[in-house]
Amino acid sequence: AMNCELRQLVAAGCKVVQVEEPTLHFMARYSPDQKEFIDFLVEAFNREIEGLDGAEVWIHTCWGNPNMQKVFKDESYANSIDIYLNRLKGDVWTIEATENDFKELPLFAPHKNSLLKKVAVGVISHRTLQADFPDVIAERIRRCLKVIPAEKLILSTNCGVGRQGFNRHLAFYKTVGIA
């Protein structure tokens with residue numbers, strides 16, 4: 001059903017489609033023994049986005065945004081990096097990075113020269129109520145560039161800032177800090 005809807009969007013001229021994928025990295029992190037179910041989720045995602053030629057497909061992952069509260073302290077993409085980089089179809093993979101001080105970036109080092117997808121790294125927080133300063137964001141970007149080539153790096157927010165009552169003025173000042 002979703003594939004049909006997404007194909008209609010692309011046929012109508014949509015150039016970018018972002019699909020929420022909140023399950024695979026959670027399963028790989030907290031239930032890695034459920035390999036059959038993880039394989040099923042990979043197949044289901046790939047079927048969902050099949051035939052979206054002409055659109056850039058973004059795979060959105062985050063560790064939750066329940067009213068901007070941090071609910072995990074041991075989150076990691078380590079068990080799912082191969083899934084997202086190699087097994088899932090799509091063009092861009094979004095990851096959270098600021099909440100854990102970019103501790104996951106070294107996972108990308110072995111893939112630096114072979115990335116097939118772009119990686120949208122969250123360089124501003126969606127959980128703090130103060131704008132991220134440009135010099136802080138610039139340092140975060142420099143850290144990203146050590147393991148992700150510039151042509152494969154997209155600068156983004158950690159998750160989204162449009163839900164659950166996030167102040168629109170604050171969202172504006174946070175996002176213009178990226179520029």
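Rings of Phe, Tyr and Trp (its six-membered ring) pair if their centres lie within 6.5 Å, with planes under 30 degrees apart called stacked, over 60 edge-to-face and the rest tilted. Searching the whole structure turns up 5 aromatic pairs. Here are two of them.

| Pair | Centre distance | Plane angle | Type |
|---|---|---|---|
| Y77 and W93 | 5.4 Å | 85° | edge-to-face |
| W93 and F108 | 5.6 Å | 45° | tilted |

A word on the source: this is a predicted model, where local features need pLDDT of at least 70 and side-chain atom pairs count only at pLDDT 80 or more, while totals for chains, interfaces and linings use all residues. Residues are numbered from 1 along each chain as its sequence is written, and side-chain values use heavy atoms, leaving out hydrogens and water.

Y77 sits in the loop between β2 (56-60) and α4 (81-87), and W93 in strand β3 (residues 92-95), 16 residues apart; helices (H or I, at least four residues) and strands (E, at least two) are DSSP runs, numbered from the N terminus. F108 lies in the loop between β3 and β4, so its pairing with W93 ties together parts 15 residues apart in sequence. Ring pairs join Y77, Y84, W93 and F108 into a cluster.

How accessible is W93? At 0% relative accessibility, W93 counts as buried, and F108 does too at 1%; buried means under 20% relative accessible area, exposed over 50%, partly exposed in between (1.4 Å probe, protein chains only).

Leaving aside residues up to four places away in sequence, F108 touches I81, L85, W93, I95, V119, V147 and I148, with contact meaning heavy atoms within 4.5 Å.
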